Amino acid sequence: MKKTAKTAWSATGVAGLALSAAFVVSSLPASANVVAVTSPVSAGPAAHGQQYPDGPSSVDGSPLERCRRGTDYAAPGRNPVLDEPLNTGFKSNVGLSVKVQLEGGTFYGSRKLIFTNTGGAPVHTDCLVLKFRAPSGSVDHHYRASVQYGHPQQDYVEVPRGNGESHYIIRFGFHDVPLADRTVPVGQTWTYELAGSNQGAMSLEATRDSVEVLADMNVGGNNWISQYGTKRLGN
């Protein structure tokens, strides 16, 4: 196992997931019918270190496949995310920028969180956890990157806030691809996309500023997902 220095970061009570959406991977398509896009904001260190596994893929139990499978956790009666302070500024433990783009329209459209690796090293997105707020009732979710991936999975939960907005918490997992295909090179992009109605319920800027990213820094698989109720979704 190759190792580099750890990067420390903390956030107030974030964990867990439950699932109901397709997890699709492809190369980034050309944007079509863009309605609006925010300016980008940046967070995270210019230099980061990640411990990452070496060796072959497709071997159950190997560190490279540590997030291929997830543990189902029963959803609590009242999800604890509802009692946490709202995040109002982009946070990340690796160097990233993010902007939010709306395609289609406010009645029904795709809200895209577009990330760029602004750090000095590749970002390994396997086991990365993404948390943000967006309009409730998303019916379709896609992960896309400038490097094509294979056999993706995710842990996912939507927790409605009751005002037309929801908390979304996602942990990415990949299977059957080498380490290089689980990383985003310096200067390259990856996107998480939600499609659904009622896109006017929340501004793009509010979604952008709610985003928190926790990359797996120590091959631990990110236990940030254990308290919100988790169900595994395969590809």
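C127 is buried, because its relative accessible area is 0%; buried here means under 20% relative accessible area, exposed over 50%, and partly exposed in between (1.4 Å probe, protein chains only). The structure is a predicted model, in which local features need pLDDT of at least 70 and side-chain atom pairs count only at pLDDT 80 or more, while totals for chains, interfaces and linings use all residues. Residues are numbered from 1 along each chain as its sequence is written, and side-chain values use heavy atoms, with hydrogens and water left out.

The partner of C127 is C67, to which a disulfide joins it with an S to S distance of 2.1 Å. A disulfide is a pair of cysteine sulfur atoms within 2.5 Å, and by this rule the count comes to one. The link of C67 and C127 is right-handed, with 120 degrees about the S-S bond. Distant parts of the chain are linked by this pair, 60 residues apart: C67 lies in the loop between β3 (41–43) and β4 (91–92), and C127 in the loop between β7 (123–124) and β8 (129–135). Helices (H or I, at least four residues) and strands (E, at least two) are DSSP runs, numbered from the N terminus. C67 also counts as buried, because its relative accessibility is 0%.

Leaving aside neighbours within four places in sequence, S97 is in contact (heavy atoms within 4.5 Å) with residues including P40, F90 and I114.

Turning to F107, this residue is found in the loop between β5 (96–103) and β6 (108–117). F107 counts as exposed, because its relative accessibility is 72%.
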